[in-house]
Amino acid sequence: MSLVLQYARLTPSELARLRVLLVQDPDGAFDFTDEVSSDWPDEAPLAWRRGYGAGPHWAGLRFLLDRAGPPTVDLLTGGGQLTADEWGAAPPRLLTPADLAAGMRFWRATPFPRLAGYFDPAAMNGVGPGRWAELTDAYELLAQCHADLTEFLGAAADRGDAVVSWLS
């Protein structure tokens, strides 16, 4: 089973609202975050959107990033656990503005062409969507996922927003 990594970008006031909901209405906390993240049309540029679903290919990026050197902050599944309640397949995680700023410094200094040197479909089998060697467009999928995450997470970092992530 391939898990999709979901992201929601929250302004400081929205993060404060989410923290209150986590105590007062845990189910409403997920609904609030889901609503904020899905409030933009799919054709809007990623830098403007409040939500992004990385699909199952994020796991392939994790493989490449781990080989490039451990990032200062894990922008894929890192951050502090926000609640013990599961949102999908695991509890949600919070990347603070400081986490995003530090993580994006590493991410931007590690462009996809550098990561591509670690692309090994045979070694990646079983990671994320499964058999990378059988995907004719695996390299392109990873490059696009990296570009999308750079745009989405970079915009959040540049604006001083926080990001909540969860696996579904």
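Okay, let's start with Leu-149: setting aside neighbours within four places in sequence, it is in contact (heavy atoms within 4.5 Å) with Tyr-7, Tyr-52, Leu-61, Leu-76, Trp-107 and Gly-154. Quick caveat: this is a predicted model, where local features need pLDDT of at least 70 and side-chain atom pairs count only at pLDDT 80 or more, while totals for chains, interfaces and linings use all residues. Residues are numbered from 1 along each chain as its sequence is written, and side-chain values use heavy atoms, with hydrogens and water left out.

Now, the helix packing. Helix H3 (residues 58–68) packs on helix H7 (residues 138–159) at about 90 degrees, with the axes 9 Å apart; helices here are DSSP runs of H or I, at least four residues, numbered from the N terminus. Axes are lines fitted to C-alpha atoms over the stretch in contact, and angles run from 0 to 180 degrees between N-to-C directions. So H3 is roughly perpendicular to H7, a label for angles of 65 to 115 degrees. On the H3 side you've got Trp-58, Gly-60, Leu-61 and Leu-64, and H7 brings Leu-142, Cys-145, His-146 and Leu-149.

Is Thr-110 buried or exposed? Its relative accessibility is 1%, so Thr-110 counts as buried, meaning under 20% relative accessible area with a 1.4 Å probe, protein chains only. Beyond four places in sequence, Thr-110 is in contact with Ala-68, Leu-115 and His-146. Its side chain also reaches the backbone oxygen of Phe-106, at 2.8 Å.

Conventions. Helices (H or I, at least four residues) and strands (E, at least two) are DSSP runs, numbered from the N terminus. Angles under 35 degrees count as roughly parallel, over 145 as roughly antiparallel, 65 to 115 as roughly perpendicular and the rest as oblique. Buried means under 20% relative accessible area, exposed over 50%, partly exposed in between (1.4 Å probe, protein chains only). A polar contact is a pair of N or O atoms within 3.5 Å; within protein, one must be able to donate a hydrogen and the other to accept it, and residues adjacent in sequence count only if both atoms are side-chain atoms.
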